[in-house]
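Please keep the sequence and the structure in view while reading.

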Amino acid sequence: MLKISTLLIPALLSATLSGCGLFRNNYEVKDTDLVDVSYDAVDELQNRLTRKIPKNSLIIVTTLLNVDNHNKTSAFGRIVSDQIASAFHKEGFQIIGMELPIDLFIMKEDGTLLLSDDTKKLLNRYRTAVLVGGVYAPGKKNAYVSLRVIETATKTIISSTDLSIPMGPDAKMLMTPIDIATSSPATEAVAEVAKNTEEESPTATEETTKPEAEKKTTSDSLE
């Protein structure tokens, strides 16, 4: 009888431990409130600023990009960046949200951000104070996000923060990859607005007083 009991105890322990492992494997990761995460991230970015951003300054918030491919984002990247933009707007800043494939993590040897000429022109045209953006990496149980605030005048990092977000059912659903076009409708619209703001009214007035032939010559030279 003693021998039978001795054999049963290890078997029961094994079954119990297997059941615990099965329970752990089937445990579903719960979602967190993305709005709270985004607003807390903006608070953290502002607390870590090495140079304060004057209120009412213009901030461009770019869509978060997939860390493995900076031409791809997802509904996750878009909604988190939109929430970050809303949080900055609530703090009293002017906001432009843009979907641009900008890598805010490629730096020159002197520590300044490496930006394309088109991006530099866009930032200068709007007299943007800072550029906010980052990348994300989806994992099995968590998504990892890195955010940076870049001062456009110096092209240097003035704040950064990292966070992890549980990969619950909602977060996983939002992670479907989406291509980012280098010339998206939002980008084209912003460029068109900037172009219009550069037109000076005196020039337009002068055009109305010129003869037709002279107007044609001027128009041809601008094309």
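Of the contacts in the protein with a separation of 6 or more, 71% are accounted for by residues 24 or more positions apart; a contact means heavy atoms within 4.5 Å. This is a predicted model, in which local features need pLDDT of at least 70 and side-chain atom pairs count only at pLDDT 80 or more, while totals for chains, interfaces and linings use all residues. Residues are numbered from 1 along each chain as its sequence is written, and side-chain values use heavy atoms, with hydrogens and water left out.

The protein has eight helices and eight strands; these are DSSP runs numbered from the N terminus, helices being H or I of at least four residues and strands E of at least two. Of its 223 residues, 35% count as buried, where buried means under 20% relative accessible area, exposed over 50% and partly exposed in between (1.4 Å probe, protein chains only).

Strand β5 (residues 130-138) is mostly covered, with seven of its nine residues buried. Strands pair if DSSP finds at least two bridges between them. β5 pairs in the parallel sense with β1 (residues 58-62) over three bridges, and Ile60 has Leu131 of β5 as its bridge partner. Strand β2 (residues 65-66) also runs parallel to β5, joined by two bridges, with Asn66 opposite Tyr136. Towards β6, β5 runs antiparallel with nine bridges; Pro138 stands opposite Ala143, and a hairpin of three residues joins β5 to β6.

β6 (residues 142-151) in turn runs antiparallel to β7 (residues 156-166), with 10 bridges. Glu151 stands opposite Thr156. Four residues lie between β6 and β7 in this hairpin, and Lys155 in the turn has a positive phi of about 60°.

Leu104 lies in the loop between β4 (94-98) and α4 (117-126). Leu104 is buried, with a relative accessible area of 2%. Its contacts, not counting residues up to four places away in sequence, include Leu131, Gly133, Arg148 and Ile150. The C-alpha atoms of Leu104 and Gly133 are separated by 6.9 Å, although the two residues are 29 apart along the chain.

Finally, the helices. The axes of α2 (residues 34-47) and α3 (residues 75-90) come within 9 Å and cross at roughly 55°; axes are lines fitted to C-alpha atoms over the stretch in contact, and angles run from 0 to 180 degrees between N-to-C directions. α2 and α3 are therefore oblique to each other, since angles under 35 degrees count as roughly parallel, over 145 as roughly antiparallel, 65 to 115 as roughly perpendicular and the rest as oblique. Residues making the contact include Leu34 and Val42 of α2 and Phe76 and Ile84 of α3.
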